[in-house]
Amino acid sequence: MNALFELYPGLRQSLPYVALADLPTPIEPLARLGAAIGAPNLYVKRDDLSASLYGGNKVRKLEFLLGRALRDGRKCVMTFGAAGSNHALATALYARQAGLRSISMLVPQPNARSVGRNLLLSHAAEAELHHHGGMVQVVLPSVYHYLRHGLRDGVLPMIIPPGGTTPLGMAGFVAAAFELKRQVDAGAMPAPDRLYAASGTMGTVIGLLLGLVAAGLDTRVVAVRVTQPQFTSMRKARRFFAATNRLLHRADPSFPLLPFPEDRLEMRHEFYGEAYGQYTEAGMRAVRMARETEDLKLEGTYTGKTFAAILVDAAAGRLRDRTALFWNTYNSRDFSRDITHLDYHALPRSVHRYFEESVQPLDR
Ligand SMILES: Cc1ncc(COP(=O)(O)O)c(C=O)c1O
């Protein structure tokens, strides 16, 4: 049972919600890896196993977002992301499971094998895929498809912003922090001093930060920026924190209004590299090390860069006497069998390049 809803029954009554995830996700010690890098109290939160259909961080947001789509009587959702967006894929899969159609408005990104895989699975999930030249070029086609579906269905699609990051989506990660608190209380791990998570649109880290403060955990959130600077900033953090807090307080006034905890959010920009989706040497070293020592499957866009921050902090002695938690946000369910029979020629021409051009050199 969702710990947040149990403590604040008003939230359960007033927030839209549809159960999609297998929660709580396990917490595991990374003893071997921790010992090797100088972080003897290192743990992982296995959100990679958050659901049997498709794991990772997005399903926690979608429980609330698709809950709203259903409550509002929508027939279709429209979302946005890079070509290989895990969020767009998760939205397509869970929308279909909830009986909704989905449209993914995609923009270019550096090529990687995961991009083609995600596109194929999105297609298998019957998502309507559109790929345009950039964030400006995607605006008009989005309006067109939004209205087209609205006219056809008699009800407009629900817009889900990139990453599913809205106050309602972030409620999923407030709930995740309460889940963690309950696991800490049950002895799964000591209360973490530092929680490391990738920051793409900031929804994961800000939902967690609000939830940790509300749940009474003193953890510092280390947000490793993996997208362009405009998506991860202190100004955004304050705004998202306050908006999500207001939403929960309005839904259940016993959920407190909290000041933004300035000293509890550490933003790390140095692992980003050259571009979103562009792998870095440090990130790929972290991917290899995690796989070789713990069979932990990370990737180059989000979780490798995040784990690189842990390696650097451990090497600097910052994790010697602290308990650190790595929040694994990347799906680890193998879906290769669902896509092997698919031919990319069935996808829109604009995405064929991800199958025909070579992937970036560090993707091996
Ligand atoms: C694997 C993975 N980790 C982390 C993130 C970042 O989450 P957020 O957008 O909530 O910051 C994403 C978002 O797409 C993701 O796919």
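The conversation below goes through parts of this predicted model and sets values against definitions.

Trainee: What should I know about the numbering and the model before we start?

Mentor: Residues are numbered from 1 along each chain as its sequence is written. The model is predicted, so local features need pLDDT of at least 70 and side-chain atom pairs count only at pLDDT 80 or more, while totals for chains, interfaces and linings use all residues.

Trainee: Why is Val139 called exposed?

Mentor: A residue is buried if 20 or more other C-beta atoms lie within 10 Å of its own, exposed if 12 or fewer, and partly exposed in between, with the C-beta atoms placed from the backbone. Val139 has 12 other C-beta atoms within 10 Å, and therefore it is exposed. Its place is in helix 7, where helices (H or I, at least four residues) and strands (E, at least two) are DSSP runs, numbered from the N terminus.

Trainee: What makes helix 5 largely enclosed by the rest of the structure?

Mentor: Ten of its twelve residues are buried, so helix 5 is largely enclosed by the rest of the structure. The buried residues include Asn86, His87 and Tyr94, and the buried residues of this helix pack against helix 4 (58-71), strand 3, strand 4, helix 6 (113-124) and strand 6.

Trainee: Why are strand 5 and strand 6 said to stand at the edges?

Mentor: Two strands pair if DSSP finds at least two bridges between them. Four strands form an open sheet in the order 5-4-3-6, with parallel pairing. Strand 5 (128-131) and strand 6 (158-160) each have a single partner strand, so one side of each is left without a neighbour in the sheet.

Trainee: How do you know that strand 3 and strand 4 pair?

Mentor: Strand 3 (residues 76-82) and strand 4 (residues 101-107) are joined in the parallel sense over seven bridges, and the definition asks for at least two. Within this pair, Thr79 stands opposite Ser104, and the bridge partner of Gly81 is Leu106. Seven of the seven residues of strand 3 are buried, so this strand is largely enclosed by the rest of the structure.

Trainee: What makes up the shell around the ligand, by class?

Mentor: The shell has four nonpolar, 13 polar and no charged residues, where Ala, Val, Leu, Ile, Met, Phe, Trp, Tyr, Cys and Pro count as nonpolar, Asp, Glu, Lys and Arg as charged, and the others, Gly among them, as polar. In all, 17 residues surround the ligand, and the closest are Asn86, Gly163, Gly200, Gly203 and Thr329; a residue is near a molecule if its C-beta atom, placed from the backbone, lies within 6 Å of it.

Notes. Two residues are in contact if their C-beta atoms, placed from the backbone, lie within 7 Å.
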